[in-house]
Amino acid sequence: GLATQPNGEVAQRGNAVPATEVSAVELFDVPDSDVIPKKTKSQSMLPVSVEDQKYMVKLLEKHGDNYEKMARDIKRNNMQHSSHKLRKLGARFLLLSPEQLRVELPEGVESMMASSS
(Lines give C-alpha, C1' and ligand atoms only; values in the text may rest on other atoms or scores of the structure.)
Protein backbone atom coordinates (compact mmCIF):
# COMPACT_ATOMS: atom_id res chain seq x y z
CA GLY A 1 0.00 0.00 0.00
CA LEU A 2 0.88 3.60 0.33
CA ALA A 3 3.28 4.73 3.04
CA THR A 4 2.29 7.66 5.17
CA GLN A 5 5.81 9.16 5.10
CA PRO A 6 7.75 7.67 2.15
CA ASN A 7 10.80 9.93 2.62
CA GLY A 8 11.03 9.19 6.30
CA GLU A 9 12.11 5.62 5.64
CA VAL A 10 15.18 6.73 3.68
CA ALA A 11 16.46 8.77 6.61
CA GLN A 12 15.98 5.78 8.94
CA ARG A 13 18.09 3.48 6.71
CA GLY A 14 21.09 5.77 6.98
CA ASN A 15 21.67 6.02 3.21
CA ALA A 16 20.63 9.65 2.95
CA VAL A 17 23.38 12.26 2.70
CA PRO A 18 22.51 15.55 4.36
CA ALA A 19 22.50 18.48 1.95
CA THR A 20 25.05 20.38 4.02
CA GLU A 21 27.76 17.76 3.32
CA VAL A 22 27.62 17.95 -0.52
CA SER A 23 28.39 21.17 -2.36
CA ALA A 24 27.12 22.14 -5.80
CA VAL A 25 30.69 22.43 -7.09
CA GLU A 26 31.31 18.73 -6.43
CA LEU A 27 28.09 17.73 -8.16
CA PHE A 28 28.56 19.82 -11.28
CA ASP A 29 32.34 19.87 -11.67
CA VAL A 30 32.86 18.88 -15.32
CA PRO A 31 36.43 18.34 -16.53
CA ASP A 32 37.55 20.49 -19.48
CA SER A 33 38.06 17.42 -21.68
CA ASP A 34 34.34 16.65 -21.54
CA VAL A 35 33.23 20.09 -22.73
CA ILE A 36 32.16 20.11 -26.38
CA PRO A 37 33.71 23.05 -28.24
CA LYS A 38 31.18 25.47 -29.67
CA LYS A 39 31.16 26.40 -33.32
CA THR A 40 32.71 29.69 -34.22
CA LYS A 41 30.43 32.45 -35.37
CA SER A 42 31.62 32.19 -38.97
CA GLN A 43 30.75 28.48 -39.06
CA SER A 44 27.30 28.89 -37.57
CA MET A 45 26.32 32.06 -39.45
CA LEU A 46 26.83 30.99 -43.07
CA PRO A 47 23.81 31.78 -45.27
CA VAL A 48 24.43 28.52 -47.17
CA SER A 49 25.98 25.51 -45.45
CA VAL A 50 29.19 23.98 -46.79
CA GLU A 51 27.31 20.85 -47.89
CA ASP A 52 24.76 22.95 -49.78
CA GLN A 53 27.57 24.95 -51.41
CA LYS A 54 29.16 21.72 -52.71
CA TYR A 55 25.72 20.54 -53.86
CA MET A 56 25.00 23.75 -55.76
CA VAL A 57 28.44 23.89 -57.39
CA LYS A 58 27.86 20.46 -58.94
CA LEU A 59 24.43 21.44 -60.24
CA LEU A 60 25.43 24.90 -61.49
CA GLU A 61 28.49 23.48 -63.24
CA LYS A 62 26.36 21.04 -65.22
CA HIS A 63 23.13 22.99 -65.84
CA GLY A 64 23.99 26.66 -65.44
CA ASP A 65 20.94 28.57 -64.23
CA ASN A 66 18.35 26.16 -65.67
CA TYR A 67 16.65 25.08 -62.44
CA GLU A 68 14.06 22.92 -64.20
CA LYS A 69 16.84 20.71 -65.60
CA MET A 70 18.50 20.64 -62.19
CA ALA A 71 15.28 19.36 -60.61
CA ARG A 72 15.07 16.53 -63.18
CA ASP A 73 18.71 15.46 -62.82
CA ILE A 74 18.46 12.50 -60.43
CA LYS A 75 22.20 11.81 -60.37
CA ARG A 76 23.36 15.24 -59.18
CA ASN A 77 20.12 16.29 -57.47
CA ASN A 78 20.11 13.21 -55.26
CA MET A 79 18.13 15.00 -52.53
CA GLN A 80 15.31 15.52 -55.08
CA HIS A 81 14.84 19.22 -54.41
CA SER A 82 12.12 20.90 -56.44
CA SER A 83 12.99 23.60 -58.98
CA HIS A 84 11.60 26.21 -56.58
CA LYS A 85 13.82 25.02 -53.71
CA LEU A 86 16.86 24.89 -56.02
CA ARG A 87 16.11 28.40 -57.28
CA LYS A 88 16.07 29.75 -53.70
CA LEU A 89 19.23 27.84 -52.78
CA GLY A 90 20.96 28.96 -55.98
CA ALA A 91 20.05 32.60 -55.39
CA ARG A 92 21.48 32.50 -51.87
CA PHE A 93 24.60 30.73 -53.14
CA LEU A 94 25.20 33.23 -55.94
CA LEU A 95 24.96 36.12 -53.46
CA LEU A 96 27.70 34.77 -51.18
CA SER A 97 30.70 36.99 -50.60
CA PRO A 98 34.20 35.54 -51.19
CA GLU A 99 34.70 35.33 -47.40
CA GLN A 100 31.61 33.11 -47.06
CA LEU A 101 32.58 30.68 -49.84
CA ARG A 102 33.98 27.41 -48.54
CA VAL A 103 34.26 25.53 -51.85
CA GLU A 104 36.40 25.95 -54.95
CA LEU A 105 34.46 27.40 -57.86
CA PRO A 106 34.83 26.08 -61.42
CA GLU A 107 35.21 28.72 -64.17
CA GLY A 108 31.61 28.46 -65.33
CA VAL A 109 30.24 29.04 -61.87
CA GLU A 110 32.71 31.90 -61.23
CA SER A 111 31.36 33.76 -64.25
CA MET A 112 27.80 33.33 -62.94
CA MET A 113 28.83 34.72 -59.56
CA ALA A 114 30.58 37.69 -61.19
CA SER A 115 27.61 38.49 -63.42
CA SER A 116 25.13 38.34 -60.52
CA SER A 117 27.01 40.84 -58.33
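The exercises below, each with a worked solution, concern a predicted model.

**Exercise 1. Overall fold**

Determine how many helices and strands the protein has, and state the pattern along the sequence.

Solution. Start with the secondary structure: the protein contains seven helices and zero strands. Reading along the sequence then gives the pattern α-α-α-α-α-α-α.

**Exercise 2. Burial, surface and contacts**

Find what share of the residues counts as buried, what accessible surface the protein has, and what share of the contacts joins residues at least 24 apart.

Solution. Step one: the protein has 117 residues, and 24% of them count as buried. Step two: its accessible surface is about 9,300 Å², with 53% of this area belonging to carbon and sulfur atoms. Step three: take the contacts between residues at least 6 apart in sequence; 51% of these join residues at least 24 apart.

**Exercise 3. Salt bridges**

State how many salt bridges are counted, and identify the side chains that meet in them.

Solution. The criterion is a side-chain nitrogen of Lys or Arg within 4 Å of a carboxyl oxygen of Asp or Glu. By this rule there are two salt bridges. In one, the side chains of Glu68 and Arg87 meet at 4.0 Å, N to O. In another, the side chains of Arg76 and Asp73 meet at 3.7 Å, N to O.

**Exercise 4. Exposure of the paired residues**

Classify Glu68, Arg87, Arg76 and Asp73 as buried, partly exposed or exposed.

Solution. The cut-offs are under 20% relative accessible area for buried and over 50% for exposed, with partly exposed in between. Glu68 has a relative accessible area of 38%, so Glu68 is partly exposed. Arg87, at 42%, is partly exposed. Arg76 has 30% relative accessibility and therefore counts as partly exposed. Asp73 has 12% relative accessibility, so Asp73 counts as buried.

Note on methods:
Residues numbered from 1 in each chain as written. Predicted model: local features only at pLDDT ≥ 70, side-chain atom pairs only at ≥ 80, totals over all residues. Heavy atoms only, no water. Helix = DSSP H or I, 4+ residues; strand = E, 2+ residues; numbered from the N terminus. Buried < 20%, exposed > 50% of the residue type's maximum accessible area, 1.4 Å probe, protein only. Contact = heavy atoms within 4.5 Å. Areas by Shrake-Rupley, 256 points an atom, 1.4 Å probe, with all protein chains shown as cover.
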